[in-house]
Amino acid sequence: MIERIYILESVDPVIFYGVNNANMQLIKTLFPKLRIVARGNVMKVIGDEDESELFLKKIREIEKYCEEYNSLSEEVILDIVKGKGPTVVKQENLIIHGMSGKPIVARTENQRLLVKAFEENDLVFATGPAGSGKTFIAIALAVKALKNKQARKIILSRPAVEAGEKLGFLPGEMKDKLDPYLQPLYDALQDMIPAAKLKEYMENDVIQIAPLAFMRGRTLNDAVIILDEAQNTTTHQIKMFLTRLGMNAKMIVTGDMTQIDLPPSTTSGLIQAMHILRDVSGIGKVKFTKKDIVRHKLVQRIVEAYDKFDERRKDEAKRTRTNTDN
């Protein structure tokens, strides 16, 4: 009789063990000669050496499946233990599996172009209207790189342009004041990574979410770095950010040129950067359109209505200037 220890390192034990520990109870049933005790992410196995080795081999396979698909069923466990291998339906344009095994896929042509541009370039600009999925796909690509060990960390940033001097009047510590500006990034991560694992990643700085100002002075190696809402950066801020790119790192910059919240006299750093870097090789550019909007169908209609309103207002202003000149 020997005792072996197995640590679940890459999955959330809650998902692995199943509702009311149903998965764990099944595993125990499939290995009746072993005494198996599971607590937290640690499993203790006592029994015959050969049987224990078989158990550990199968548990590694089950954990690998659970890590990839973010879900685990009794059927999958049975297939793996019996040596059949789980039945997997191939999903076209799959990036990763999100929570509960939900496939996260590139649903539009430009989303697929973003995936391709990320594979081929170390820096990618993705611009387009709200709801087109540019930030969500960018974060999915970063999570995939982390899972596949192509990167050691993910760094997500946004300019807190609306905050400015008003931060001092908001309650709480600095993190509490800035979290509302970073919440969309948290939301996307929560769709892709189990809660316990996400908490662990953030506590160990494997995933870092920080306002743009916190990037100064850093060199970001072995990471996927995403700058969201880049249209609200100043020219100095975006230059500072782009020059943080380190070795074995990739960067995605997203923004919506129609939603610039900077003062009228301030040039958007994103617009200037895309102009200055337009002929630099190794930089990918993907421009999303209203056709890429994948939120509620009303979002596309709202965007179109505002576009028409802006066009009418420009035409009216142009006619007014012409009449004044005459």
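This is a predicted model: local features need pLDDT of at least 70, side-chain atom pairs count only at pLDDT 80 or more; totals for chains, interfaces and linings use all residues.
Local features were taken only where pLDDT is at least 70, side-chain atom pairs count only at pLDDT 80 or more, and totals for chains, interfaces and linings use all residues. Residues are numbered from 1 along each chain as its sequence is written, and side-chain values use heavy atoms, with hydrogens and water left out.

The predictor's confidence in each residue is given as pLDDT, from 0 to 100. The protein chain averages 87, and 92% of the residues score at least 70. Over residues 163–167 the pLDDT is below 50. Beyond near neighbours in sequence, this stretch has 5 contacts in the model. A contact means heavy atoms within 4.5 Å.

Helices (H or I, at least four residues) and strands (E, at least two) are DSSP runs, numbered from the N terminus. Two strands pair if DSSP finds at least two bridges between them. An open sheet is formed by 3 strands in the order β1-β3-β2, with antiparallel pairing. β1 (2–7) and β2 (35–39) stand at the edges. Each has a single partner strand, so one side of each is left without a neighbour in the sheet. Neighbouring strands of this sheet are turned by 15 degrees against each other on average, direction ignored. β1 and β3 (residues 42–47) run antiparallel and are joined by 6 bridges. Within this sheet, Ile5 stands opposite Lys44 in β3. Helix α3 (residues 49–69) lies across β1, β2 and β3. It runs at about 5 degrees to β1. Axes are lines fitted to C-alpha atoms, for helices over the stretch in contact, and angles run from 0 to 180 degrees between N-to-C directions.

Burial was classed by relative accessible area: buried means under 20%, exposed over 50%, and partly exposed in between (1.4 Å probe, protein chains only). In strand β8 (residues 207–211), 5 of the 5 residues are buried, so the strand is largely enclosed by the rest of the structure. In a regular strand the side chains alternate between the two faces of the sheet. Both faces of β8 are covered. Ile207, Ile209 and Pro211 are buried on one side, and Gln208 and Ala210 on the other. β8 pairs with strand β7 (residues 153–158) in the parallel sense, over 5 bridges. Ile154 stands opposite Ile207 in β8.

Helix α5 covers residues 109–120. The expected span of a helix is 1.5 Å times one less than its number of residues. The buried residues of α5 are Asn110, Gln111, Leu114, Val115, Ala117 and Phe118. Seen down the helix axis, they fall within an arc of 165 degrees, so they line one face of α5. The arc is that of the directions from the helix axis to the C-beta atoms. The face turned away from the buried side carries the exposed residues Glu119 and Glu120.

Most residues other than glycine have a negative phi. Ser100 has a positive phi, near 60 degrees. It is found in the loop between β4 (94–97) and β5 (103–105). At 67% relative accessibility, Ser100 is exposed. Phi of Lys149 is also positive, near 60 degrees. Lys149 lies in the loop between α6 (134–147) and β7. Its relative accessible area is 71%, so Lys149 is exposed.

Asp261 lies in the loop between β10 (250–255) and α10 (269–276). With a relative accessible area of 46%, Asp261 is partly exposed. Asp261 and Gln231 are 30 residues apart in sequence and 8.1 Å apart in space, C-alpha to C-alpha.
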